[in-house]
Amino acid sequence: MSPDPDLTMTQPGPHRVKGAFLNLDRRLFEAVAAHHWPGGDRVLPRLSRAADHGLLWCATAAALGLTRAPGARRAALRGVASLGLASLTINTLGKRTVRRPRPLLDPVPHVRRLPRQPTTTSFPSGHAASAAAFAAGVSMESPRWGAAVALPAGAVALSRVYTGVHFPSDVLAGTALGVGAAWIARRLMPTLVESVRPAASRAEAPTVRRGAGLVMVANTSSGTSTRIRAVRDELPEARIVTCGPDDIREELERAAKHARVLGVCGGDGTVNTAAEVALESGLPLAVLPGGTLNHFAQDLGVRDARDLRRALESGSAVRVDVGEFVGDDRRGVFLNTFSLGVYPELVRERERWSGRIGEWPAGVLAAVRVLRADRHPVEAGIGGRRRPLWLLFAGNGTYHRMGLSPGRRLDLADGRLDVRVVRGGRRPATRLLSAALAGPLTRSPAHTAVTTGRLRLTDLAAGTLLAYDGEVRETRGDLTLRKLPEALTVYRPPTGDVS
């Protein structure tokens, strides 16, 4: 039985400003319901349903990733990250803070109404937040792709009012929240344009006009056809040689005999081979990204053929360090990273399955299989003691963490190896995660991180896998890692300061 109301107390009256706002919001909703857009009754409800649970944007991100266009994959990842942050905010704060009922459907024609009406509160619109977050995130990384995504994102936001499931203010609030989530994600994970390019010493290099004197070898297995067409447009006098991965070294060595500048188009593994040939021949190297990750080209600031043309025509080049490993049975160089343990095992396992089930599913399967193994991938002598290891990572230069994004180098010629060791023990996934989240110079019972100019490993068992710039090989015996300071001359676009 409820208590009797206190009739002696003054009861609060309607808030004038709030009432005027809600009345305007209701009238705008009714105006949209009364208006008929040609084709809207057929398209907008379907588009609204396609965006349920972010499925439309996840599919769009997957399509962007498959295009292999410059910046498309980074734009897709940023869009999904922004969408995830917006969805988390909506579900944990937005819907629980303002419990606004959904609009009455009386003014909305039956043909527009969704088959299943939402049961959550109305404010703010989660669909509008997801659409705005994804579009804003993509735009921050690639304005061109952002413009392409903006139209369907706007249509999804409009569809939520058109189908009668939200008031206009719900959509506006959701849009604002989505854009805000994209900006927060940008703070946590700076865009490629915002990232500080690593410093390096200036180098003397030939000025190359229209590509005259440039011989570029392109790895056809990296999906470089679009890049090669762009090179022909930007550098019409360049000589371009295409070949498969098995012939890369031979073609690079042949090209080095006739070139003023040695060029390469491919992923990090292909660029690694080109760097070794350039070192042997004493030629400057021109790098055009053509693979999946392209870490070295990104650090140089070379995103496409236009950037490379600007660097060549201005003669803008820098000297960078090269990492070298020398063992009993193997020698090689690395521009990015060298590793033993889990990572080489994971790459080998992924390659075993990728041809059957695709790259991404193969990567997930490989991670599960490797981390569930009941043995340490490698044992090695370090500092006179033999240790079981889950991972040994050595970066060519110190890697610095930027927000929650993977680390980047701020100096390509610092003379240091960034060495991180994850020790053997139980719960490998926990140990690897703690090492990944830690800073570059930390120590814990699970891992150690130091910078050094030289590292010696001993007593590696026969068949031990090593990986350098994504390439996997077997080794045994003793192994020494060291730096070759400012050994390689590479072209880099002239924008930005170079020390």
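Colleague: Is Ile-248 buried or exposed?

Modeller: Ile-248 counts as buried because its relative accessibility is 5%; buried means under 20% relative accessible area, exposed over 50% and partly exposed in between, with a 1.4 Å probe and protein chains only. Please note that this is a predicted model, in which local features need pLDDT of at least 70 and side-chain atom pairs count only at pLDDT 80 or more, while totals for chains, interfaces and linings use all residues. Residues are numbered from 1 along each chain as its sequence is written, and side-chain values use heavy atoms, with hydrogens and water left out.

Colleague: Where is Ile-248, and which residues does it touch?

Modeller: Ile-248 lies in helix H9, residues 248-256. Helices (H or I, at least four residues) and strands (E, at least two) are DSSP runs, numbered from the N terminus. Not counting residues up to four places away in sequence, Ile-248 touches Val-217, Ala-218, Asn-219, Cys-243, Thr-270 and Thr-273, where contact means heavy atoms within 4.5 Å.

Colleague: What about Leu-114, buried or exposed?

Modeller: Leu-114 is buried, at a relative accessible area of 8%. Its place is the loop between helix H4 (72-97) and helix H5 (126-141).

Colleague: Which residues are in contact with Leu-114?

Modeller: Leaving aside neighbours within four places in sequence, they are Pro-45, Ser-48, Arg-49, Arg-160, Thr-163 and Val-165. For one of these, Arg-160, the C-alpha atom is 9.8 Å from that of Leu-114, although the two are 46 residues apart along the chain.

Colleague: Let us turn to helix packing. At what angle do H3 and H6 cross?

Modeller: Helix H3 (residues 55-67) and helix H6 (residues 143-162) cross at roughly 165 degrees, and their axes come within 12 Å. Axes are lines fitted to C-alpha atoms, for helices over the stretch in contact, and angles run from 0 to 180 degrees between N-to-C directions. The two helices are therefore roughly antiparallel; angles over 145 degrees count as such, under 35 as roughly parallel, 65 to 115 as roughly perpendicular and the rest as oblique.

Colleague: Which residues make that contact?

Modeller: H3 contributes Leu-56, Trp-57, Thr-60, Leu-64 and Thr-67, and H6 contributes Trp-145, Val-149, Pro-152, Ala-153 and Val-156. Eight of these residues are nonpolar, two are polar and none is charged. Ala, Val, Leu, Ile, Met, Phe, Trp, Tyr, Cys and Pro count as nonpolar, Asp, Glu, Lys and Arg as charged, and the others, Gly among them, as polar.

Colleague: And how do H3 and H5 pack?

Modeller: Their axes are 10 Å apart, at an angle of about 20 degrees. That makes H3 roughly parallel to H5. Trp-57, Thr-60 and Ala-61 of H3 meet Ser-130, Ala-131 and Phe-134 of H5, a set of four nonpolar, two polar and no charged residues.

Colleague: A change of topic: what is the phi of His-53?

Modeller: His-53 has a positive phi of about 60 degrees, although it is not a glycine. His-53 sits in the loop between helix H2 (40-50) and H3, and counts as exposed at 78% relative accessibility.

Colleague: Finally, how many helices and strands has the chain?

Modeller: The chain has 15 helices and 16 strands, and 47% of its 499 residues count as buried.
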